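Student: Could we go through this one together, with a few questions as we look?

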Amino acid sequence: MATDDGDRYRPAQVEERWQAEWERRGTNLFTAVELGSPERPYYNLMMFPYPSAEGLHVGNIYAFTGADVHGRFQRLTGRDVFEPMGFDAFGIHSENFALKVGVHPMDLIPRNVANFTRQLRRMGGMFDWNHAVDTTSPEYYRWTQWIFLQLFKAGLAERKEAPVNWCPSCKTVLANEQVVGGLCERCDTPVEQRRIAQWFFRISDYAERLLSNLDTLDWSETTKKAQQNWIGRSEGANLRFPIPDLDDSAFLEVFTTRPDTVFGATYMVLAPEHPLVDRVTAPDRRAEVEEYRERVARLDLVARKKVDKSKTGVFTGGHCENPATGERIPIWIADYVLMEYGTGAVMAVPAHDERDFEFASAFELPVRRVVAQEGEDPGAPVDETYTGDGRAVNSGTFDGLGTHEAKRAIVAWLAERGLGTLRVHYRLHDWCISRQRYWGPPIPIVYCEACGAVPVPEDELPVVLPRVQDFKPDDSGVSPLARVEAWYRITCPECGGEARRETDVSDTFLDSAWYFLRYPSARREDVPFDPELVRKWLPVDCYIGGNEHAVLHLLYARFITMALKDIGHLHFEEPFARFRAHGLIIRDGAKMSKSKGNVIVPDPIIEEHGADAFRLYLMFLGPFEEGGDYRDQGIQGPFGFLKRLWETVIPLDGLRDGSPDPVVERKLHQTIAQLTVQLSELQYNTCIAALMEYLNAVRAGGRTPARAEVEPLVVMVAPFCPHLAEELWSRLGHGASVFEGASWPSFDPEKAREDTVELAIQVNGKVRGTIALARGTSEEEALALARKEPNVARYLEDVELHRVVYVPDRLLNLVVR
RNA sequence: GCCGGGGUGGCGAAAUCGGUAACCGCAGGGGACUUAAAAUCCCCCGGGGGUAACCCCUUCUGGGUUCGAAUCCCAGCCCCGGCACCA
């Protein structure tokens with residue numbers, strides 16, 4: 001039948017034809033007018049890729065396909081779907097790769113972008129290439145710099161000192177991931193901490209909002225949890241410990257979640273960097289304290305926070321006063337106390353905190369029980385720390401209170417003397433956006449002797465990243481741009497005096513924190529985003545991406561959106577109404593990696609089986625939100641399905657006219673019903689199984705299918721296999737693209753309903769037979785029929801029928817004794 | 001350590017308002033077509049027993065609730081992800 005040359009399914013041919021056709025007709029492109037007046041806008045966003053030299057990998061393809069299937073489905077139901085694509089091409093990744101291969105990133109990136117674009121077209125994504133963005137183009141990063149300036153003007157950007165990893169041999173700043181086991185990944189020299197001035201965005205001002213808004217978002221639960229963890233809200237109190245040795249008003253402030261244990265605070269520990277260390281240190285301890293502080297500074301930032309190392313620290317010789325007991329307690333410093341959390345100081349309660357107990361044991365410091373469990377002797381020695389709730393003991397007038405009441409009562413009592421207040425702290429710290437690197441947008445600030453840090457005037461943007469041949473980080477300790485004197489020497493925009501540009505560039509996460517605002521306005525040179533377009537298209541209806549960006553990217557994008565809303569540039573504060581994290585693709589049960597040599601190379605697969613089959617297979621592997629295990633042979637199933645679909649439709653004279661067969665029609669309506677629900681829920685694997693089942697029904701026993709049976713099938717396959725669907729749709733005699741009209745079939749619940757059901761007959765919960773009967777059969781009738789079933793009757797002999805459980809149209813359970 | 005998600009045939013998986021476990025597909029076995037192979041088509045395919053009708057067992061392990069549990073509850077084991085000297 002279908003052996004004739006012209007009639008065989010040749011995916012390469014079909015796909016090339018339709019990719020060209022879509023381009024020629026502008027099927028997936030919005031004109032400025034269309035974008036300005038959508039009837040039913042649907043913004044379908046996916047995380048834009050970093051265009052690596054290796055090209056698209058399966059992870060990208062998997063994510064984009066899942067998102068594209070969703071977008072195409074929405075379009076088939078009549079939505080105006082905007083599905084843009086772009087490239088996140090700045091950053092250390094590109095820079096390191098460029099250094100490695102000795103090609104300038106300004107030459108490398110366009111090549112990679114071109115290759116990615118080619119591969120993305122080939123996959124059949126419905127991308128609006130008229131609105132693509134590239135974060136490395138000056139037209140884009142001009143507005144990234146503009147955003148920095150808006151935040152700067154709103155007081156949300158500030159310059160402060162912060163520790164960085166420093167390699168004393170390479171004399172350069174290292175990112176955490178460039179430190180391997182405390183050593184520089186390039187030269188194996190031990191890494192140190194260094195403090196340098198950097199720009200921060202005050203994201204921590206937004207911690208509470210970022211946290212509480214999560215409740216209002218339709219996001220993958222795992223993603224929300226990751227953000228909650230990251231923000232790390234913690235309720236407690238700030239308590240003040242006076243230092244009478246210094247002066248009457250001097251005090252140390254600590255944050256604690258257990259103010260109820262303050263009576264058990266037997267010593268104090270400060271972070272080595274704490275500003276009061278110098279003042280409290282006794283002269284005879286100074287040498288030791290300094291030596292310890294230097295030792296800590298030599299640790300890299302990762303090693304400093306390692307959990308399983310034993311406690312170290314030194315006594316400063318100074319003392320403060322426990323505000324509850326009035327006792328003089330010693331002040332220590334230790335590296336397990338971190339300057340960036342809370343107040344950089346802790347009151348040590350060894351009886352009720354693991355770390356303090358460990359420290360106290362190591363340095364023989366006193367331990368005092370102040371919380372007792374049921375029936376515990378308050379005076380018994382503490383040989384194990386207890387961190388749970390209990391009754392307050394050895395706590396003066398608070399003895400006997402439960403942990404919860406004790407917290408409140410003790411804070412209230414200290415508050416009367418100005419020594420305590422309830423506080424909430426967050427783990428989230430401010431966003432450091434400075435990078436002492438080359439491949440990023442220069443931070444638009446100018447330093448002037450007279451005027452200080454001055455923003456570059458908006459009409460002078462962009463501050464163009466100069467082409468520097470030698471962009472390798474060097475021993476200057478600042479960005480390579482600091483070597484380009486002709487670039488950084490300028491006059492102050494305010495006073496006209498001598499000034500120099502900021503030579504650090506900004507974090508890549510800033511580029512991606514606002515790209516979704518730019519897409520609709522991608523071709524506008526006058527504004528970062530057009531307010532009218534924003535109003536029409538945003539917030540994003542559906543965002544799909546990897547959970548590896550659950551925290552940083554998604555949190556930063558939310559923060560920038562909130563900040564821009566507060567400043568008055570946006571009308572909403574949550575950018576992504578719905579977010580779904582896709583799963584990961586593994587291969588033969590193992591993670592894919594270049595070193596294992598088991599990465600999937602898409603091009604040969606597409607050549608052999610076509611992008612449609614590849615897309616279909618990827619979506620069929622497993623639940624989209626969980627990922628799946630890729631096996632090379634597996635594509636045979638979906639590929640065979642497409643071939644059979646083709647052969648079912650293509651000899652068009654093999655189709656009959658007239659009404660569909662009732663049994664097939666019922667299956668059709670069931671399939672439409674299932675897909676309509678499941679496609680919007682991204683449950684692709686079960687949708688595909690249903691489509692296969694339906695095709696099997698259409699072809700059962702070599703019957704001649706009716707045109708009315710296959711046309712809706714072609715539409716339902718379209719989100720997954722757009723090329724094939726277009727080809728079949730057009731051969732079925734339709735002039736326009738299947739995606740141009742609202743072609744999604746509707747279903748009739750009446751027609752989907754089964755008239756005959758199979759009822760399971762159980763005896764004592766075990767299935768002993770099944771009977772076919774009319775839908776809605778009464779219990780009496782069903783029971784009568786069941787008794788006639790020989791295998792059931794067997795089990796009813798010589799027993800007493802004790803109870804009958806009837807679930808209409810499902811099962812009948814006969815309980816006998 | 002804390003917080004999520006998960007554990008079902010040889011494999012990917014389906015079924016989770018409690019109601020016939022294993023849809024769909026891969027791999028495997030058998031057959032048809034062919035000189036042969038590929039492609040295609042048909043049949044079988046969780047384990048055990050039985051000529052068969054059928055029967056017993058099976059959703060990580062052990063308990064529990066229920067007429068009935070992959071699904072709910074309790075305890076434990078294992079895998080994946082996030083956070084982690086966070087006070």
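Student: How far is an N or O atom in the side chain of K643 from a phosphate oxygen of RNA strand B?

Tutor: First, the ground rules: this is a predicted model, where local features need pLDDT of at least 70, side-chain atom pairs count only at pLDDT 80 or more, and totals for chains, interfaces and linings use all residues. Residues are numbered from 1 along each chain as its sequence is written, chains are lettered from A and ligands numbered from 1 in the order in which they are written, and side-chain values use heavy atoms, leaving out hydrogens and water. A polar contact is a pair of N or O atoms within 3.5 Å (within protein, one must be able to donate a hydrogen and the other to accept it, and residues adjacent in sequence count only if both atoms are side-chain atoms). For K643 and the phosphate oxygen of RNA strand B, the distance is 3.3 Å.

Student: And which residue has a polar side-chain atom 2.4 Å from a phosphate oxygen of RNA strand B?

Tutor: R810 also has a side-chain N or O atom by a phosphate oxygen of RNA strand B, but there the distance is 2.8 Å. The 2.4 Å pair belongs to R355.

Student: Which helix gives the largest share of the surface near RNA strand B?

Tutor: Near means that a heavy atom of the residue lies within 4 Å of the strand. There are 56 residues around RNA strand B, and K311, R355, R427, L621 and N813 come nearest. Helices here are DSSP runs (H or I, at least four residues), as strands are (E, at least two), numbered from the N terminus. With six residues, the top contributor is helix 23 (residues 684-699).

Student: What percentage of the RNA strand B atoms within 4 Å of the protein belong to sugar or phosphate?

Tutor: The atoms in that set belong either to sugar or phosphate, or to bases. The sugar or phosphate part is 65%.

Student: Why does G583 count as buried?

Tutor: G583 is in the loop between strand 28 (578-582) and strand 29 (584-587). Buried means under 20% relative accessible area, exposed over 50%, and partly exposed in between (1.4 Å probe, protein chains only). G583 counts as buried because its relative accessibility is 7%.

Student: Which residue is 43 residues from G583 in sequence but 4.0 Å away in space, C-alpha to C-alpha?

Tutor: Contact means heavy atoms within 4.5 Å. Beyond its neighbours within four places in sequence, G583 is in contact with Y62, F624, E625, E626 and G627. The one at 4.0 Å, C-alpha to C-alpha, is E626.
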